[in-house]
Amino acid sequence: MESVDTNTNTMRERLLAEKAELNERLERIKASVRRGADPDSKERATELENVEVVDALGNEIRREIELINNALRRMEEDRFGVCVDCGDAIDSKRLEIQPFVELCFDCAEFTESRAT
């Protein structure tokens, strides 16, 4: 059986690796956006749509990096695996799937039901 510290260290390594990968993807997206559209292009409308899609992807990546940073901060503060809403423990299986989750299943389900 893994100790909590070993499990937390494993999760930290996963989060840092995921963050590095996301930062690389974000840099590629930024480079793509900086290249911009060809002003003489007949396909300018399509290029602008592509830029909007790429920008949306960049926003999603930034949000995931923020969640990872929050999870790393909770690890430093010895609050990793604790729901930020109710304070209950987050199921370890849930953390295995997404180590940056902030909410237990019940709070996540409640939040999602209020959003719809």
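In what follows, a patch is a group of residues that each have over 30% relative accessible area and no salt bridge, with like charges joined within 9 Å. The model shown here is a predicted one, and on its surface Asp 88, Asp 106, Glu 109 and Glu 112 gather in such a patch, one of negative charge. Glu 112, one of these residues, belongs to helix H4, which covers residues 105-115, and Glu 112 counts as exposed because its relative accessibility is 56%, where exposed means over 50%.

Charged side chains also meet in pairs, and a search of the whole structure finds five salt bridges. One of them joins Glu 27 to Lys 30, with the closest N and O atoms 3.5 Å apart. These residues, Glu 27 and Lys 30, are three residues apart in helix H1 (residues 4-35), so about one helical turn separates them. Glu 27 is partly exposed, at 43% relative accessibility, and Lys 30 is partly exposed as well, with a relative accessible area of 31%.

Another pair to look for is Arg 79 and Glu 77, which form a salt bridge whose closest N and O atoms are 2.5 Å apart. Arg 79 is partly exposed, with 38% relative accessible area, and Glu 77 is partly exposed with 42%.

Technical notes
Residues numbered from 1 in each chain as written. Predicted model: local features only at pLDDT ≥ 70, side-chain atom pairs only at ≥ 80, totals over all residues. Heavy atoms only, no water. Patch = residues over 30% accessible without salt bridge, like charges linked within 9 Å, V, L, I, M, F, W, Y side chains within 5 Å. Areas by Shrake-Rupley, 256 points an atom, 1.4 Å probe, with all protein chains shown as cover. Salt bridge = Lys/Arg side-chain N within 4 Å of Asp/Glu carboxyl O. Lys, Arg positive; Asp, Glu negative; His and termini not counted. Charge placed at Lys NZ, Arg CZ, Asp CG, Glu CD. Helix = DSSP H or I, 4+ residues; strand = E, 2+ residues; numbered from the N terminus. Buried < 20%, exposed > 50% of the residue type's maximum accessible area, 1.4 Å probe, protein only.
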